[in-house]
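Welcome to a short tour of the inside of a protein model. Please open your viewer, get ready to select residues by number, and follow along from stop to stop.

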Amino acid sequence: MPPPTAPPQPPPVSWGPPPGPPPGWGPAPMPYPPLPRKKSKGPLVAVLIVGFLVLGVATIGILAATRGSRVAGDSPSAGYQNYTYTPEPTTTTTTTTTTAESSKPSASTSTPKAGPKAVITLGDNPIHGAGLGAFDIDGCPLPPMDYSPAGQDRFLRAALPCIEAMWKPSFQRANLPYQPVELVMVTSQITNTCGNMGPDRTAMYCDGTIFWTPNHYANEQGSANPNHPGKYLGQLAHEYGHHIQWLSGILRASSQAQYDKGGWDTPEGLDLNRRKELQATCFGGMTLAPLSHGAVPSDVISVALTDAGNRGDYPIYPNRDHGAPEKNAAWVNHGFKNNETSACNTWVASAADVS
(Lines give C-alpha, C1' and ligand atoms only; values in the text may rest on other atoms or scores of the structure.)
Protein backbone atom coordinates (compact mmCIF):
# COMPACT_ATOMS: atom_id res chain seq x y z
CA MET A 1 0.00 0.00 0.00
CA PRO A 2 1.68 3.29 -1.09
CA PRO A 3 1.93 6.06 1.47
CA PRO A 4 -0.38 9.04 1.25
CA THR A 5 0.98 12.00 -0.66
CA ALA A 6 2.03 14.87 1.56
CA PRO A 7 2.44 18.46 0.29
CA PRO A 8 6.08 19.42 -0.26
CA GLN A 9 7.66 21.28 2.63
CA PRO A 10 9.91 24.27 1.85
CA PRO A 11 13.45 23.80 3.09
CA PRO A 12 14.26 25.59 6.35
CA VAL A 13 16.59 28.55 6.42
CA SER A 14 19.36 26.25 7.58
CA TRP A 15 19.34 22.49 7.89
CA GLY A 16 21.80 19.78 8.61
CA PRO A 17 22.32 16.62 6.60
CA PRO A 18 19.37 14.24 6.60
CA PRO A 19 19.28 11.46 9.18
CA GLY A 20 21.49 8.59 8.20
CA PRO A 21 25.13 8.00 7.25
CA PRO A 22 27.53 10.92 7.72
CA PRO A 23 30.04 12.07 5.12
CA GLY A 24 32.70 9.46 4.58
CA TRP A 25 30.21 6.61 4.85
CA GLY A 26 29.64 6.83 1.08
CA PRO A 27 30.08 3.57 -0.80
CA ALA A 28 31.48 1.75 2.22
CA PRO A 29 29.63 -1.43 3.19
CA MET A 30 26.46 -0.91 5.17
CA PRO A 31 26.65 -1.70 8.91
CA TYR A 32 25.24 -5.08 9.72
CA PRO A 33 25.45 -7.65 12.50
CA PRO A 34 28.76 -9.47 12.32
CA LEU A 35 28.61 -13.11 11.43
CA PRO A 36 29.43 -15.31 14.40
CA ARG A 37 32.77 -16.99 14.60
CA LYS A 38 32.45 -20.69 15.06
CA LYS A 39 34.95 -22.15 17.49
CA SER A 40 35.91 -25.79 17.02
CA LYS A 41 37.90 -27.93 19.44
CA GLY A 42 39.24 -31.34 18.65
CA PRO A 43 41.38 -33.40 21.02
CA LEU A 44 44.21 -35.32 19.50
CA VAL A 45 44.99 -38.23 21.77
CA ALA A 46 47.19 -41.11 20.77
CA VAL A 47 48.55 -43.81 23.00
CA LEU A 48 51.16 -46.14 21.57
CA ILE A 49 52.15 -49.28 23.42
CA VAL A 50 55.12 -51.03 21.92
CA GLY A 51 56.31 -54.39 23.25
CA PHE A 52 59.49 -55.84 21.93
CA LEU A 53 60.60 -59.34 23.00
CA VAL A 54 64.17 -60.35 22.33
CA LEU A 55 64.82 -64.12 22.06
CA GLY A 56 67.70 -65.50 24.05
CA VAL A 57 68.37 -64.01 27.42
CA ALA A 58 65.10 -62.68 28.75
CA THR A 59 64.90 -58.93 28.24
CA ILE A 60 62.21 -56.54 29.08
CA GLY A 61 60.49 -54.53 26.32
CA ILE A 62 60.20 -50.79 26.50
CA LEU A 63 56.75 -49.24 26.72
CA ALA A 64 56.54 -45.75 25.15
CA ALA A 65 53.54 -43.51 25.10
CA THR A 66 53.13 -40.14 23.51
CA ARG A 67 50.16 -37.92 23.93
CA GLY A 68 48.99 -35.10 21.63
CA SER A 69 47.65 -31.78 22.82
CA ARG A 70 44.28 -30.10 22.42
CA VAL A 71 44.21 -27.28 19.88
CA ALA A 72 41.42 -24.69 19.57
CA GLY A 73 41.15 -22.41 16.53
CA ASP A 74 38.70 -19.82 15.19
CA SER A 75 37.40 -19.77 11.65
CA PRO A 76 35.03 -17.04 10.45
CA SER A 77 31.79 -17.90 8.72
CA ALA A 78 31.81 -16.84 5.09
CA GLY A 79 29.25 -15.31 2.78
CA TYR A 80 25.89 -13.63 3.35
CA GLN A 81 23.87 -16.19 5.23
CA ASN A 82 21.64 -16.58 8.23
CA TYR A 83 23.30 -16.01 11.57
CA THR A 84 22.38 -16.22 15.22
CA TYR A 85 23.03 -14.11 18.27
CA THR A 86 23.16 -17.16 20.55
CA PRO A 87 26.43 -17.97 22.34
CA GLU A 88 28.97 -20.17 20.65
CA PRO A 89 28.20 -23.90 20.69
CA THR A 90 29.28 -25.83 23.74
CA THR A 91 31.32 -28.94 23.04
CA THR A 92 31.34 -32.02 25.27
CA THR A 93 34.21 -34.42 24.65
CA THR A 94 34.19 -38.02 25.87
CA THR A 95 37.35 -40.09 25.49
CA THR A 96 37.17 -43.85 25.96
CA THR A 97 39.89 -45.87 27.71
CA THR A 98 42.47 -47.34 25.38
CA THR A 99 44.23 -50.58 26.36
CA ALA A 100 46.45 -53.11 24.66
CA GLU A 101 43.49 -55.49 24.31
CA SER A 102 40.96 -53.07 22.76
CA SER A 103 41.19 -49.70 21.05
CA LYS A 104 38.11 -47.48 20.68
CA PRO A 105 38.09 -44.06 18.97
CA SER A 106 37.35 -40.85 20.85
CA ALA A 107 33.81 -39.53 20.60
CA SER A 108 33.16 -35.76 20.33
CA THR A 109 29.65 -34.36 20.44
CA SER A 110 28.93 -30.71 19.62
CA THR A 111 25.48 -29.43 20.53
CA PRO A 112 24.82 -25.85 19.39
CA LYS A 113 22.18 -24.03 21.34
CA ALA A 114 19.03 -23.31 19.38
CA GLY A 115 17.99 -19.71 18.82
CA PRO A 116 16.31 -17.40 16.33
CA LYS A 117 18.23 -16.45 13.23
CA ALA A 118 18.08 -13.26 11.19
CA VAL A 119 17.01 -13.65 7.58
CA ILE A 120 19.12 -11.87 4.98
CA THR A 121 16.32 -10.75 2.67
CA LEU A 122 14.53 -7.49 1.88
CA GLY A 123 10.86 -7.44 0.81
CA ASP A 124 10.11 -10.95 2.04
CA ASN A 125 11.85 -10.55 5.40
CA PRO A 126 9.88 -12.06 8.31
CA ILE A 127 9.77 -8.66 10.04
CA HIS A 128 7.13 -7.70 7.45
CA GLY A 129 4.79 -10.44 8.63
CA ALA A 130 1.15 -9.85 9.49
CA GLY A 131 0.29 -8.57 12.93
CA LEU A 132 3.74 -7.14 13.68
CA GLY A 133 4.31 -3.62 14.89
CA ALA A 134 4.96 -1.46 17.92
CA PHE A 135 2.82 -2.66 20.83
CA ASP A 136 1.11 -0.43 23.38
CA ILE A 137 2.77 0.14 26.74
CA ASP A 138 1.36 1.49 29.99
CA GLY A 139 3.40 4.67 30.03
CA CYS A 140 6.76 6.24 29.36
CA PRO A 141 7.92 8.69 32.04
CA LEU A 142 10.41 11.05 30.44
CA PRO A 143 12.51 13.52 32.42
CA PRO A 144 12.28 17.26 31.76
CA MET A 145 14.41 18.08 28.77
CA ASP A 146 17.46 20.26 28.88
CA TYR A 147 19.49 20.49 25.73
CA SER A 148 22.97 19.97 27.10
CA PRO A 149 24.71 16.72 26.09
CA ALA A 150 24.00 15.31 29.56
CA GLY A 151 20.35 16.39 29.36
CA GLN A 152 19.86 14.80 25.95
CA ASP A 153 21.54 11.64 27.20
CA ARG A 154 19.13 11.39 30.16
CA PHE A 155 16.09 12.01 27.96
CA LEU A 156 17.03 9.46 25.29
CA ARG A 157 18.04 6.79 27.79
CA ALA A 158 14.67 7.19 29.50
CA ALA A 159 12.86 6.76 26.18
CA LEU A 160 14.77 3.70 24.97
CA PRO A 161 13.32 1.15 27.44
CA CYS A 162 9.83 2.19 26.29
CA ILE A 163 10.79 1.68 22.65
CA GLU A 164 12.43 -1.66 23.42
CA ALA A 165 9.29 -2.85 25.23
CA MET A 166 7.10 -1.88 22.27
CA TRP A 167 9.16 -3.71 19.65
CA LYS A 168 10.52 -6.83 21.34
CA PRO A 169 7.23 -8.80 21.07
CA SER A 170 7.26 -8.49 17.27
CA PHE A 171 10.72 -10.04 17.08
CA GLN A 172 9.59 -12.89 19.28
CA ARG A 173 6.51 -13.48 17.09
CA ALA A 174 8.60 -13.36 13.92
CA ASN A 175 11.21 -15.72 15.44
CA LEU A 176 13.93 -13.15 14.87
CA PRO A 177 16.86 -12.41 17.22
CA TYR A 178 16.62 -9.46 19.55
CA GLN A 179 19.07 -7.46 21.60
CA PRO A 180 18.80 -3.95 23.08
CA VAL A 181 20.33 -1.06 21.20
CA GLU A 182 23.34 0.79 22.61
CA LEU A 183 23.55 4.59 22.83
CA VAL A 184 26.77 6.62 22.63
CA MET A 185 27.04 10.41 22.90
CA VAL A 186 29.50 11.81 20.35
CA THR A 187 31.09 15.12 21.38
CA SER A 188 34.40 14.76 19.53
CA GLN A 189 35.76 13.09 16.41
CA ILE A 190 35.51 9.30 16.65
CA THR A 191 36.11 6.25 14.51
CA ASN A 192 33.85 3.22 14.67
CA THR A 193 33.43 0.12 12.54
CA CYS A 194 31.38 2.13 10.03
CA GLY A 195 33.92 4.91 9.52
CA ASN A 196 34.71 8.36 10.90
CA MET A 197 32.16 10.59 12.58
CA GLY A 198 32.28 14.10 13.98
CA PRO A 199 30.05 15.89 16.49
CA ASP A 200 28.71 18.25 13.83
CA ARG A 201 26.76 15.61 11.92
CA THR A 202 23.37 14.01 12.48
CA ALA A 203 23.06 10.79 14.44
CA MET A 204 24.48 7.60 12.98
CA TYR A 205 23.52 3.97 13.46
CA CYS A 206 26.23 1.32 13.30
CA ASP A 207 26.37 -2.32 14.37
CA GLY A 208 23.82 -2.26 17.17
CA THR A 209 24.68 1.24 18.41
CA ILE A 210 23.13 4.68 17.94
CA PHE A 211 25.86 7.32 17.85
CA TRP A 212 24.13 10.53 18.90
CA THR A 213 25.54 14.03 18.28
CA PRO A 214 23.98 16.28 20.96
CA ASN A 215 25.71 19.50 19.94
CA HIS A 216 24.48 19.19 16.36
CA TYR A 217 20.84 18.84 17.36
CA ALA A 218 20.99 21.58 19.98
CA ASN A 219 22.49 23.96 17.41
CA GLU A 220 20.04 23.29 14.56
CA GLN A 221 18.40 26.50 13.41
CA GLY A 222 15.19 27.31 11.59
CA SER A 223 11.50 26.89 12.32
CA ALA A 224 11.53 23.39 10.80
CA ASN A 225 13.88 22.14 13.54
CA PRO A 226 12.66 23.61 16.82
CA ASN A 227 14.54 22.81 20.00
CA HIS A 228 11.71 20.73 21.36
CA PRO A 229 11.69 17.25 22.96
CA GLY A 230 9.65 15.97 20.02
CA LYS A 231 12.55 16.48 17.63
CA TYR A 232 14.82 14.35 19.79
CA LEU A 233 12.24 11.61 20.25
CA GLY A 234 11.51 11.55 16.50
CA GLN A 235 15.14 11.28 15.52
CA LEU A 236 15.71 8.56 18.12
CA ALA A 237 12.75 6.65 16.65
CA HIS A 238 14.28 6.89 13.16
CA GLU A 239 17.64 5.57 14.32
CA TYR A 240 15.92 2.77 16.20
CA GLY A 241 14.28 1.93 12.88
CA HIS A 242 17.76 1.06 11.64
CA HIS A 243 18.18 -1.20 14.66
CA ILE A 244 15.05 -3.08 13.57
CA GLN A 245 16.61 -3.48 10.11
CA TRP A 246 19.91 -4.63 11.61
CA LEU A 247 18.36 -7.27 13.85
CA SER A 248 16.09 -8.67 11.15
CA GLY A 249 18.84 -8.98 8.52
CA ILE A 250 17.62 -6.19 6.22
CA LEU A 251 20.75 -4.07 6.58
CA ARG A 252 22.99 -6.93 5.53
CA ALA A 253 20.71 -7.73 2.60
CA SER A 254 20.63 -4.11 1.44
CA SER A 255 24.42 -3.88 1.67
CA GLN A 256 24.77 -6.96 -0.50
CA ALA A 257 22.17 -5.65 -2.96
CA GLN A 258 24.01 -2.34 -3.31
CA TYR A 259 27.25 -4.19 -3.91
CA ASP A 260 25.58 -6.32 -6.57
CA LYS A 261 24.25 -3.18 -8.29
CA GLY A 262 27.71 -1.66 -8.58
CA GLY A 263 27.99 0.37 -5.39
CA TRP A 264 26.27 2.78 -3.06
CA ASP A 265 26.44 5.80 -5.40
CA THR A 266 25.05 4.18 -8.56
CA PRO A 267 21.45 5.02 -9.51
CA GLU A 268 20.36 1.56 -8.37
CA GLY A 269 22.43 1.83 -5.18
CA LEU A 270 20.91 5.21 -4.31
CA ASP A 271 17.42 3.81 -4.90
CA LEU A 272 18.16 1.00 -2.44
CA ASN A 273 19.52 3.50 0.08
CA ARG A 274 16.37 5.62 -0.16
CA ARG A 275 14.24 2.54 0.46
CA LYS A 276 16.35 1.72 3.53
CA GLU A 277 16.16 5.24 4.97
CA LEU A 278 12.47 5.72 4.23
CA GLN A 279 11.71 2.40 5.89
CA ALA A 280 13.57 3.57 8.99
CA THR A 281 11.46 6.75 8.86
CA CYS A 282 8.30 4.66 8.55
CA PHE A 283 9.36 2.44 11.47
CA GLY A 284 9.99 5.66 13.39
CA GLY A 285 6.38 6.69 12.77
CA MET A 286 5.27 3.29 14.06
CA THR A 287 7.29 3.82 17.23
CA LEU A 288 5.47 7.09 17.86
CA ALA A 289 2.03 5.49 17.48
CA PRO A 290 1.80 3.69 20.87
CA LEU A 291 3.43 6.65 22.59
CA SER A 292 0.59 8.84 21.30
CA HIS A 293 -1.95 6.87 23.35
CA GLY A 294 -1.18 8.88 26.47
CA ALA A 295 2.37 7.71 27.15
CA VAL A 296 3.88 11.08 26.22
CA PRO A 297 2.33 14.53 25.65
CA SER A 298 0.60 15.05 22.31
CA ASP A 299 2.76 18.05 21.38
CA VAL A 300 5.86 15.85 21.60
CA ILE A 301 4.34 13.44 19.07
CA SER A 302 3.24 16.27 16.79
CA VAL A 303 6.68 17.89 16.69
CA ALA A 304 8.35 14.49 16.16
CA LEU A 305 6.21 13.82 13.09
CA THR A 306 6.69 17.32 11.69
CA ASP A 307 10.45 17.23 12.20
CA ALA A 308 10.77 13.88 10.40
CA GLY A 309 8.76 15.27 7.50
CA ASN A 310 11.12 18.23 7.13
CA ARG A 311 14.22 16.09 6.69
CA GLY A 312 15.44 14.50 3.49
CA ASP A 313 17.15 15.22 0.20
CA TYR A 314 16.94 18.93 -0.52
CA PRO A 315 18.21 20.12 -3.93
CA ILE A 316 21.59 21.18 -2.57
CA TYR A 317 22.48 17.60 -1.60
CA PRO A 318 24.71 15.92 -4.22
CA ASN A 319 23.35 12.39 -3.70
CA ARG A 320 19.66 11.66 -3.32
CA ASP A 321 20.09 8.85 -0.82
CA HIS A 322 17.38 9.55 1.80
CA GLY A 323 14.29 10.49 -0.21
CA ALA A 324 12.73 13.91 -0.68
CA PRO A 325 11.27 15.67 2.39
CA GLU A 326 7.73 15.09 1.12
CA LYS A 327 8.45 11.35 0.91
CA ASN A 328 9.82 11.32 4.45
CA ALA A 329 6.65 13.12 5.56
CA ALA A 330 4.48 10.60 3.72
CA TRP A 331 6.23 7.53 5.13
CA VAL A 332 6.48 8.70 8.74
CA ASN A 333 2.76 9.47 8.75
CA HIS A 334 2.01 6.20 6.97
CA GLY A 335 3.81 4.26 9.70
CA PHE A 336 2.18 6.32 12.43
CA LYS A 337 -1.36 5.79 11.11
CA ASN A 338 -1.04 2.09 10.26
CA ASN A 339 1.46 0.75 12.82
CA GLU A 340 2.02 -2.39 10.73
CA THR A 341 5.48 -3.41 9.56
CA SER A 342 3.96 -4.64 6.31
CA ALA A 343 2.84 -1.07 5.63
CA CYS A 344 6.50 0.03 5.91
CA ASN A 345 7.78 -2.47 3.33
CA THR A 346 9.49 0.11 1.13
CA TRP A 347 11.32 -2.69 -0.70
CA VAL A 348 8.19 -3.53 -2.69
CA ALA A 349 7.03 0.08 -3.17
CA SER A 350 7.10 1.76 -6.56
CA ALA A 351 10.08 3.90 -7.52
CA ALA A 352 7.88 7.00 -7.40
CA ASP A 353 7.04 6.38 -3.73
CA VAL A 354 10.73 6.33 -2.75
CA SER A 355 12.01 9.18 -4.89
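Start by selecting Phe283, which is buried, with a relative accessible area of 0%; buried here means under 20% relative accessible area, while exposed means over 50% and partly exposed lies in between (1.4 Å probe, protein chains only). A word before moving on: this is a predicted model, in which local features need pLDDT of at least 70 and side-chain atom pairs count only at pLDDT 80 or more, whereas totals for chains, interfaces and linings use all residues. Residues are numbered from 1 along each chain as its sequence is written, and side-chain values use heavy atoms, with hydrogens and water left out.

Now show α5 as a cartoon: it has 25 residues and reaches 37 Å from its first C-alpha to its last, close to the expected 36 Å (1.5 Å times one less than its number of residues). Helices (H or I, at least four residues) and strands (E, at least two) are DSSP runs, numbered from the N terminus. Of the 25 residues in α5, 23 are buried.

**A ring pair**

Rings of Phe, Tyr and Trp (its six-membered ring) pair if their centres lie within 6.5 Å; planes under 30 degrees apart count as stacked, over 60 as edge-to-face and the rest as tilted. That rule gives 8 aromatic pairs. Why is the pair of Trp167 and Phe283 edge-to-face? Their ring centres are 5.8 Å apart and their planes stand at 65 degrees, so the pair gets that label. The partners are 116 residues apart, with Trp167 in helix α1 (residues 149-173) and Phe283 in helix α5 (residues 267-291).

**The largest core**

A nonpolar core is a set of buried Ala, Val, Leu, Ile, Met, Phe, Trp, Tyr and Cys residues joined through side-chain atoms within 4.5 Å. Which members of the largest one, with 56 residues, touch the most other members? They are Trp167, Trp212, Leu236 and Leu291. Helix α1 gives the largest share of this core, 9 residues.

Zoom in on Leu236: beyond its neighbours within four places in sequence, its contacts (heavy atoms within 4.5 Å) include Leu156, Ile163 and Trp212.

**Last stop**

Finish at Thr209 in strand β11, buried with a relative accessible area of 12%. Setting aside neighbours within four places in sequence, Thr209 is in contact with Val181, Glu182, Leu183, Val184 and Met204.
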